[in-house]
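Please look at the structure shown below before reading on.

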Amino acid sequence: MPVRSNRRRLLSGLCTAGLSGLAGCLSSVPGLGSGDVEQGSSIGGTDRTLKLGVMQPLSGDLDSVGGPIRDAALLPIRQVEDSVSLEIEYDVMDTETSPAAGVQGAADLVAAGYPMINGPAASDVTLQATQQVLIPYRTVCCSPGATSPTITSLNDAGLVFRTALSDSLQAVVLADQAANDLDHDRAATLYVNNDYGWQLSQAFSSSFQTSHGGTVSAQVPLEEGQSTYTDAIERARVDDPELLVVIGYPQTGGQVLTDLGRDAEEDILVTDGLQDSELQDEVDYSLDGIRGTAPLVAGPGTETFTELYESEYDVEPSVFTSHSYDATAVLLLANAYAGQNDGTAIRSAMQAVTTGEGETITPKTLADGLELAAEGEPIAYEGASSSVGFDENGDVVDAVFKYWEFDQDADGGIREIDRVSA
């Protein structure tokens with residue numbers, strides 16, 4: 001049976017000196033030397049253990065979406081645990097939607113010998129955890145929710161992948177809808193003050209101005225955790241924009257929508273971080289009609305994933321859950337194919353198990369795919385969120401977005417308006 005050990009208490013004591021003692025804690029981690037392999041294990045075959053760390057925001061600004069993303073990350077393990085001869089050991093870390101907590105969680109997982117990570121989700125957490133810990137210590141990661149364009153250009157030794165689409169693509173779709181569907185040429189942005197918010201605000205402004213001749217009169221940052229954003233809203237309104245683009249997460253964005261009120265003079269357009277039907281319960285007026293953009297879930301395995309998720313958790317999948325499922329599935333397949341718990345070896349196998357010419361594997365046949373990969377057979381995984389083909393930067397190449405709106409009468413409180421290619 002796969003190992004389901006909860007190692008949080010053990011991990012919390014591994015680095016008693018904190019981050020300053022990280023190098024000493026990691027000095028004996030397998031895979032950090034030249035060709036080191038987990039002691040007592042052999043390379044390849046099905047009689048071995050795959051080790052996976054999961055880093056998702058179970059608290060903080062993204063707590064409402066972090067739990068479902070975590071659940072989706074664990075779903076492939078639960079799906080195959082009774083069907084494969086491989087064992088799977090995993091541990092979950094709460095990043096708290098905080099770069100500092102993310103760095104500490106990454107250090108704990110690496111020190112415990114986890115060579116691969118599903119996550120982190122938030123872009124700023126991903127950037128800090130990868131640059132401070134995961135890249136230096138040759139740990140491969142695949143983020144289901146980090147969308148910042150900055151991630152594309154990381155000097156990452158090929159170790160950083162993501163199943164989420166870059167916001168450089170979402171910005172084009174966002175600007176198109178602002179100009180063509182909502183018919184506006186003057187906008188202002190209110191963005192959460194981190195890399196995700198800043199980069200998406202910048203990219204939207206560039207596309208809106210360059211491709212549509214529009215004007216972005218203000219780009220106003222939002223500090224997380226504030227009780228009101230009325231001052232930020234007033235700064236955004238100084239030059240009378242026709243449209244306010246709100247870029248953020250449920251807690252921050254929900255407060256902005258509350259402060260704007262039901263009688264806001266401007267149209268409001270939001271982004272993927274606010275595609276959360278629970279916001280209807282957090283805001284004291286109906287959000288119906290407020291529109292947004294988000295990466296579309298359109299992989300060959302979407303239907304299978306949805307059935308598996310609903311059967312396991314008795315709720316519908318939500319934002320980035322299919323991306324999280326795919327991140328775990330690809331990492332497990334790459335580990336099985338690499339034949340060892342070594343980040344560098346797993347990195348090299350990520351392309352092999354997604355773009356190869358072997359047997360096509362989908363969520364429905366994931367167990368078979370793991371057995372074939374462990375035996376060294378070529379496979380090509382096609383996932384729930386997309387076909388999951390990575391480019392040289394570790395970015396997925398499919399780019400289809402959903403244009404949606406809040407609608408209390410729709411299933412899940414979100415209604416799809418259109419599908420748009422970027």
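## Basis of the report

A salt bridge is a side-chain nitrogen of Lys or Arg within 4 Å of a carboxyl oxygen of Asp or Glu. By this rule the count comes to ten salt bridges.

The model is predicted: local features need pLDDT of at least 70, side-chain atom pairs count only at pLDDT 80 or more, and totals for chains, interfaces and linings use all residues. Residues are numbered from 1 along each chain as its sequence is written, and side-chain values use heavy atoms, with hydrogens and water left out.

## A network of salt bridges

Salt bridges link Asp181, Arg291, Glu405, Asp407 and Arg415 in a network. Within it, Arg291 and Asp181 are joined by a salt bridge of 2.8 Å, N to O. Because Arg291 lies in strand S10 (residues 291-295) and Asp181 in helix H6 (residues 167-181), this pair ties together parts that are 110 residues apart in sequence. Helices (H or I, at least four residues) and strands (E, at least two) are DSSP runs, numbered from the N terminus.

## Exposure of the paired residues

Asp181 counts as partly exposed, at 35%.

Asp71 and Arg70 also form a salt bridge, at 2.7 Å, N to O. Asp71 is buried at 17%, whereas Arg70 is partly exposed at 22%. In another salt bridge, the closest N and O atoms of Glu234 and Arg237 are 3.7 Å apart. Glu234 is partly exposed at 47%, and Arg237 is partly exposed at 22%.

Conventions: Buried < 20%, exposed > 50% of the residue type's maximum accessible area, 1.4 Å probe, protein only.
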